[in-house]
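Please keep the structure open while reading.

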Amino acid sequence: MKKKVAFYTLGCKLNFSETSTIARNFTDEGFERVDFSEEADMYVINTCSVTDNADKKFKTIVKKAQKINPDAFVAAVGCYAQLKPEELADVDGVDLVLGATEKFKITDYINDLTKNDHGQVHSCEIADADFYVGSYAIGDRTRAFLKVQDGCDYKCTYCTIPLARGISRSDTLENVLKNAADISEQGIKEIVLTGVNIGDYGKGEFGNKKHEHTFLDLVKALDDVDGIHRLRISSIEPNLLKNETIEFVAQSKTFVPHFHIPLQSGSDDLLKLMKRRYMTNLYRERVSKIREVIPNCCIGVDVIVGFPGETEEHFLETYHFLNDLDISYLHVFTYSERDNTPAASMDGVVPNKVRNKRSKMLRGLSVKKRRAFYESQLGNELTVLFEGENKEGYIHGFTENYVKVKSPWNPELVNTLHKVQLKEIDADGLVRFNFVKEEVEV
């Protein structure tokens, strides 16, 4: 009988794409992939270290696996596994911990799946993580996450990602285009470009720091791949989102009108402490440019609250800056101290109670912003890609500009594109619509 393996992914879209690649390696080795809720011979947990919560959740996931099958072999891979391998190895039930480079060779490290008395660690020095492994996630969603870049050369004072993933490096343009074509051939309608710092695309493409291609080259080349219906840019630094890219997306055949642009703080004082590579003026200019050439564009923003030194004045500066900006939603992160980062030893620690209060205020602002954006789209004719899950009798989907819609469950709509007219916002904040025409858009 085939051995069964199950996967659990914590963290970002990039982790999802890498989990899929690791899973395909297991399939090639003769394993059968099953859902994490099912009994398996081996459970693989792809970890994240961006927040304290992701660290804590790991132990809960291990317990869940042990409850399903106490004899199962448990492996931890990913960012947390690179940063704190011994800590993970000490967790009861963990048999194997693999770092940044080893995770893609996981099948080389397993023999008969006999449980170990203590977790075995195979973790490289992060300086050795200088080669690129391409990956993409498909199969469990109507969209695919296509990894185009890994690592980061930035030195943001709160961030562990350079420690967990190494230097900035990119896939070759040829391989990205091949992966995109492979995805489109499998009937996936939308591809989301992912990476740690995708605007840095091209760096390390041929094993050195030279940019053979730029992010704009990548975007233009992908726009010409046959069979792709939608391309979405996951998240891009404001200093790397050039006007030329915005203008290209505005007239693109396949890139959708949606940008997610990390801000982190609306205070220039804090941006300097964070060692971000822009000030608020540049951020405001980017948003203005998008609104000028793509009026209906959805603009998402990352923001951190409670960073060391954030006074009430700094926070209100951020709040008012965001309130005045024509943006669509926020992803709010409550600052948590990460070992081996400069911010962890900075003065001006903000009490947790204050961090939580500020976080709540910004989440409230996000609700307001999203509602206003949805209201601005009512009456518009847009195209919806329907998801595959029956949620309490409803099917959900997203328009090209990321408005979330709902309709009574109809399995025939799964993974199809339909032209609709947005009608009204429901009590749960999602949008109801009328079909403009019943046939699928191709």
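Predicted model: local features only at pLDDT ≥ 70, side-chain atom pairs only at ≥ 80, totals over all residues.

## Helix packing and a pocket

The crossing of α7 and α8 is left-handed. Two packed helices are described by the angle between their axes and the distance between the axes. For helix α7 (residues 215–223) and α8 the angle is about 15°, and the axes lie 10 Å apart. Since angles under 35 degrees count as roughly parallel, α7 and α8 are therefore roughly parallel to each other. On the α7 side the contact is made by Phe-215, Leu-216, Val-219, Lys-220 and Asp-223, while α8 contributes Glu-244, Thr-245 and Phe-248. Sorted by class, the residues in this contact of α7 with α8 are 4 nonpolar, 1 polar and 3 charged.

Helix α7 also packs against helix α6 (residues 173–185), here at an angle of about 35° and again with 10 Å between the axes. The crossing of α6 and α7 is right-handed. In this pair, Leu-173, Val-176, Leu-177 and Ala-180 of α6 meet Leu-218, Ala-221 and Leu-222 of α7. The contact of α6 with α7 has 7 nonpolar residues, with no polar and no charged ones.

Helix α8 (residues 243–251), for its part, has a further partner in helix α10 (residues 280–293), and the axes of these two helices come within 10 Å and cross at roughly 25°. By the cut-off of 35 degrees, α8 and α10 are therefore roughly parallel to each other. Their crossing is right-handed. From α8, the residues Asn-243, Ile-246, Glu-247 and Ala-250 meet Arg-286, Lys-289, Ile-290 and Val-293 of α10. This contact of α8 with α10 holds 4 nonpolar, 1 polar and 3 charged residues.

Which elements give two or more residues to the lining of the second largest pocket? To approach this, note that the second largest pocket has a volume of about 470 Å³ and that 22 residues line it, with Lys-253, Phe-255, Val-256, Pro-257 and Glu-400 lying nearest its centre. The elements in question are α8 and β16 (381–386). By class, the lining of this second largest pocket is made up of 12 nonpolar, 6 polar and 4 charged residues.

Definitions and conventions
Residues numbered from 1 in each chain as written. Heavy atoms only, no water. Axes fitted to C-alpha atoms, helices over the stretch in contact; angles between N-to-C directions. Helix = DSSP H or I, 4+ residues; strand = E, 2+ residues; numbered from the N terminus. Parallel < 35°, antiparallel > 145°, perpendicular 65-115°, else oblique. Left-handed = near helix turned anticlockwise from the far one by under 90°. Contact = heavy atoms within 4.5 Å. Nonpolar A, V, L, I, M, F, W, Y, C, P; charged D, E, K, R; others polar. 1 Å grid on protein atoms, 1.4 Å probe; cavity = no way out; pocket = protein on both sides within 12 Å on 5 of 7 lines; lining within 4 Å. Points joined across faces, edges and corners; volume = space filled by probe spheres on them.
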